[in-house]
Amino acid sequence: MQTRIAEIAAGLYRLSTFVPEVAAPAGFTFNQFLVLGDEPLLFHTGFRRMFPLVRDAVARILPPERLRWIAFGHYEADECGAMNEWLAVAPRAEVAHGQTACLVSLNDMADRAPRILADGEVLDIGGRRLRYLDTPHIPHGWEAGVMFEETTGTLLCGDLFTQAGDGPALTEGDVVGPAIAAEDLFRYSSLNPGMGATIRRLAALAPRTLALMHGPSFAGDGAAALGALAADYDRRVGAAMA
Ligand SMILES: [Fe+2]
Ligand SMILES: [Fe+2]
């Protein structure tokens, strides 16, 4: 396994590890995003067992001990399995997440106390601002949330738009169709009546880049893609309720 690095927006790096055994035969990518600033932030740590791979990839961009913030979509191994390894290697690093994640899991599971972010709160990392947004149960996990990097208009959207396969680092092509196909395959989302509204709230940010945890990053009309994804979840919820 190797971790590939691509700058998907100015000063925002995608670290991508393709694992052919997951969701075979297509395979599956696990992506972390390193956001540069005076206080660099890593969105997703990767699995605990993947830590050496991701640490070495980060080290090609900056000294790992400089990392200041660790954030992620929700509390699962691929999102934050290496959280404590990162806290050990970067002495000034803090985990930052929403109130639910901190109170339910991170206050106990993180080796240092996490920074609690309110819904809509901005984390200033020095030269950049990241807005944290609660997205409870979307696509899964009560504690789920996303971050919006305001300088480049990049939505760090976690498991939203998950797709199988190993595409390019950055695409201007369709990311909605592959996401719908992956939902049909994995059933990974917690279908709930609030899904469409929550995803449309993200569309209101009008992101220019969507940073997918599992799949290529998307450059283009993020609002349209999010609107189409919301419509598909409305359809699924409607069908489930019928
Ligand atoms: Fe997940
Ligand atoms: Fe994930």
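**Exercise 1.** Which residue is the bridge partner of Leu41 in strand 5?

*Solution.* Keep in mind that you're looking at a predicted model. Start with the two strands: strand 4 covers residues 41-43 and strand 5 covers residues 69-71. They pair in the parallel sense, over three bridges. Now go to Leu41 and look across to strand 5: the partner is Trp69.

**Exercise 2.** Work out how the sheet is laid out, and find its edge strands.

*Solution.* Walk across the sheet and you get the order 1-2-3-4-5-6-7, an open sheet of seven strands with mixed pairing. Next, look for strands that pair on one side only: these are strand 1 (3-9) and strand 7 (115-117). Going from one strand to the next, the twist averages 25°.

**Exercise 3.** Decide how helix 6 runs relative to helix 7: parallel or antiparallel?

*Solution.* Helix 6 (residues 195-203) and helix 7 (residues 222-241) pack at about 180°, their axes 8 Å apart. Angles over 145 degrees count as roughly antiparallel, so helix 6 is roughly antiparallel to helix 7. Who makes the contact? On helix 6 the residues include Met195 and Ile199, and on helix 7 they include Leu226 and Tyr233. Sorted by type, the contact residues come out as ten nonpolar, two polar and two charged.

Technical notes
Residues numbered from 1 in each chain as written. Chains lettered and ligands numbered in written order. Predicted model: local features only at pLDDT ≥ 70, side-chain atom pairs only at ≥ 80, totals over all residues. Axes fitted to C-alpha atoms, helices over the stretch in contact; angles between N-to-C directions. Helix = DSSP H or I, 4+ residues; strand = E, 2+ residues; numbered from the N terminus. Parallel < 35°, antiparallel > 145°, perpendicular 65-115°, else oblique. Contact = placed C-beta atoms within 7 Å. Nonpolar A, V, L, I, M, F, W, Y, C, P; charged D, E, K, R; others polar. Pairing = 2+ DSSP bridges.
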